[in-house]
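Hi,

Here is the structure I said I would pass on.

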Amino acid sequence: MPATTIVLVFMALPLLYLLRYSMNSYVPGQFMVSDFTLANFSAFFSDSYYLKGMRTTILMSFGVTVVCLIVGLPLANWISRKHGSMKTFLLMLIILPLFISNAVRAAGWMVAFGKSGVLNYGLLSLGLISTPLEIMYTPLAVFVGIVAVNLPYVVLTLQSVLEGLDENVEFAAASLGATPLQNFLLVKLPQIIPGLLAAFVLSFILTMNAYATPVLLGGPSFRMMSPMIVGEILNKANWPFGAALSFILLSVTISITVVAGYYVKRKY
């Protein structure tokens, strides 16, 4: 009962308020007029500007999540095999970036990706390019920045799952002639599917709701849903439409997560 009360008070009630706000009308100069209309939702689905922002957000979320899983799984597997102080040291290297805010990390990437930044300076010094690359304010910059933010969460999630596996199963597979690759793909991987799903959901949700990284690395021309919602609420003071966009983003995130979980549950 205490846990249920906390969830209802701090999560369910704000979402209900959000849904109610999304059905109000916006009148310039009057902030918000109490109403019961679906015009804000129809405005989203009828405007290609917002639909493109949602499509970009979903594609970015899938791309970032796939890369984080591909990079994070071998890294988590390697860390899970270490012991003692070496394992503690590696885990600290993964955890330390989490103590720095996303905005500060994005600012660091801005320094690295600038025309006279570290990356262009290194490539020019090596003679690999003749003119500085335009990396800042591109989807690539946003992609790299969000991967850097999400990767520690994915590695920590997968590492904790891999640590809980019984090593004797791997030894048994090896004694039956399984190669290390076969051991990993046919023995270990099926056991960590729930962990992969948890890492997928975590990375996907973090990317769907990313704000600081798209704003700082993508610039005003790059559109993802969270910056668009903030723009509607803070810049235009259009709370009803901002609430509708928030509820749509929440619904899409939950729907994709539930479908992915159902698919994995049915298959495995």
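To begin with a detail: which side-chain oxygen reaches the backbone nitrogen of Tyr 49 at the start of α3? The oxygen belongs to Asp 47, and it comes to within 2.9 Å of that nitrogen. Bear in mind as you look around that this is a predicted model.

Now the overall picture. Taken along the principal axes, its C-alpha atoms fill a box of roughly 75 × 60 × 30 Å.

Back to α3, since it keeps turning up. This helix has 33 residues and spans 46 Å from its first C-alpha to its last, close to the 48 Å expected at 1.5 Å a residue.

The largest pocket has a volume of about 320 Å³. Its lining is made up of 16 residues, and those nearest the centre are Leu 69, Leu 196, Leu 197, Phe 200 and Val 264. Two or more lining residues come from each of α3 (48–80), α10 (193–208) and α13 (239–267). The largest share, six residues, is from α3. By class, you will find 14 nonpolar residues in this lining, along with one polar and one charged.

The second largest pocket comes in at about 250 Å³. It is lined by 15 residues, with Tyr 49, Pro 220, Pro 227, Met 228 and Gly 231 the closest to its centre. That is the Tyr 49 whose backbone nitrogen has the Asp 47 oxygen within 2.9 Å. Here α3 contributes again, with α3, α11 (212–218) and α12 (225–235) each giving at least two residues to the lining. This time the largest share is from α12, which supplies five residues. The lining of the second largest pocket divides into nine nonpolar, three polar and three charged residues.

Last, the charged pairs. Side chains of opposite charge can pair when their charged atoms come close. How many salt bridges does the structure hold? There are five salt bridges, and one of them joins the side chains of Lys 87 and Glu 163, at 1.8 Å from N to O. This pair links distant parts of the chain, with Lys 87 in helix α4 (residues 84–95) and Glu 163 in helix α7 (residues 139–163), 76 residues apart.

That's what I have so far. Over to you!

Cheers

Key:
Residues numbered from 1 in each chain as written. Predicted model: local features only at pLDDT ≥ 70, side-chain atom pairs only at ≥ 80, totals over all residues. Heavy atoms only, no water. 1 Å grid on protein atoms, 1.4 Å probe; cavity = no way out; pocket = protein on both sides within 12 Å on 5 of 7 lines; lining within 4 Å. Points joined across faces, edges and corners; volume = space filled by probe spheres on them. Helix = DSSP H or I, 4+ residues; strand = E, 2+ residues; numbered from the N terminus. Nonpolar A, V, L, I, M, F, W, Y, C, P; charged D, E, K, R; others polar. Expected span 1.5 Å × (residues − 1). Polar contact = N/O pair within 3.5 Å; in protein donor to acceptor, adjacent residues only side chain to side chain. Salt bridge = Lys/Arg side-chain N within 4 Å of Asp/Glu carboxyl O.
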